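Welcome! Please have a look at the structure below, and then we will walk through some of its contacts together.

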Amino acid sequence: MAEELKAAKDAKTEANRRLNEEQQARRAAQGRKLRPFVKSHIYSHAVMRDTVQLDDVECLRPLALGVHKIFFAQVRAMPESEGCSNLLITDAIKSVMHAHVARPQYLSGMLKFEHRFTLEGNPAEPIDEGQRTRAQEMQQQRRRKPDIQPEETPPSA
């Protein structure tokens with residue numbers, strides 16, 4: 001009897017493992033499909049791709065805090081995201097945004113601009129010293145490791 005219970009438990013564990021692997025594979029496939037769409041949508045905003053020259057330094061405008069929430073609402077409302085979980089959409093947005101804010105031009109913008117900017121390009125909240133310090137630290141880290149590049153680049157127009 002104990003052997004039968006152990007065999008049943010092992011069978012259930014194996015079935016759950018297979019189901020989990022199938023779900024992970026489906027999520028990964030959805031993510032691979034969703035990510036280029038999210039990247040394209042995010043970089044369709046001029047503030048994300050258009051650089052500005054300040055003191056002979058090429059800069060991207062720093063983004064207003066919470067802009068990821070706007071991107072989430074926009075992407076969630078699009079038919080391309082139908083069937084995708086909120087977590088999957090959030091992960092795709094985080095991935096693209098993380099690479100964007102690690103770009104040297106973005107870090108330069110954090111040091112050169114006084115304010116962050118909305119998606120429409122309007123000034124938003126000021127950049128505080130802690131944020132500036134973090135951008136400067138990230139720039140210094142990049143200089144120490146020049147071979148590391150962010151994986152994301154804006155889609156070509």
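This is a predicted model: local features need pLDDT of at least 70, side-chain atom pairs count only at pLDDT 80 or more; totals for chains, interfaces and linings use all residues.

**L60 and its strand**

- You can find L60 in strand β2, which covers residues 57-60.
- Is L60 buried or exposed? Its relative accessible area is 0%, so L60 is buried.
- L60 and P104 are 44 residues apart in sequence, yet their C-alpha atoms are 8.8 Å apart in space.

**An aromatic pair**

- How many aromatic pairs does a search of the whole structure find? The search finds one.
- The pair is formed by F113 and F117, and its geometry is edge-to-face.
- A pair of aromatic rings is described by the distance of the centres and the angle of the planes.
- For F113 and F117, the centres are 5.1 Å apart and the planes are at 80 degrees to each other.

**Helices α5 and α6**

- Helix α5 (residues 104-112) packs against α6 at an angle of about 145 degrees, and the axes are 9 Å apart.
- On the α5 side, the contact is made by P104, L107, S108, M110 and L111.
- On the α6 side, the residues are Q131, R132, A135, Q136, M138, Q139 and R142.
- Sorted by class, this contact of α5 with α6 has six nonpolar, four polar and two charged residues.
- As for handedness, α5 and α6 make a left-handed crossing.

**A closer look at Q139**

- Q139 belongs to helix α6, which covers residues 129-144.
- Q139 counts as buried because its relative accessibility is 12%, and the cut-off for buried is under 20%.
- Leaving aside residues up to four places away in sequence, Q139 touches P104, L107, S108 and L111.

**Helices α1 and α3**

- The axes of helix α1 (residues 2-42) and helix α3 (residues 67-76) come within 11 Å and cross at roughly 120 degrees.
- That angle makes α1 oblique to α3.
- Which way does α1 pass α3? The crossing is right-handed.
- F37, V38, H41 and I42 of α1 meet F71, Q74 and V75 of α3.
- The residues of this contact of α1 with α3 divide into five nonpolar, two polar and no charged.

Conventions:
Residues are numbered from 1 along each chain as its sequence is written. Side-chain values use heavy atoms; hydrogens and water are left out. Axes are lines fitted to C-alpha atoms, for helices over the stretch in contact, and angles run from 0 to 180 degrees between N-to-C directions. Helices (H or I, at least four residues) and strands (E, at least two) are DSSP runs, numbered from the N terminus. Angles under 35 degrees count as roughly parallel, over 145 as roughly antiparallel, 65 to 115 as roughly perpendicular and the rest as oblique. A crossing is left-handed if the near helix is turned anticlockwise from the far one by less than a right angle, and right-handed if clockwise. Contact means heavy atoms within 4.5 Å. Ala, Val, Leu, Ile, Met, Phe, Trp, Tyr, Cys and Pro count as nonpolar, Asp, Glu, Lys and Arg as charged, and the others, Gly among them, as polar. Rings of Phe, Tyr and Trp (its six-membered ring) pair if their centres lie within 6.5 Å; planes under 30 degrees apart count as stacked, over 60 as edge-to-face and the rest as tilted. Buried means under 20% relative accessible area, exposed over 50%, partly exposed in between (1.4 Å probe, protein chains only).
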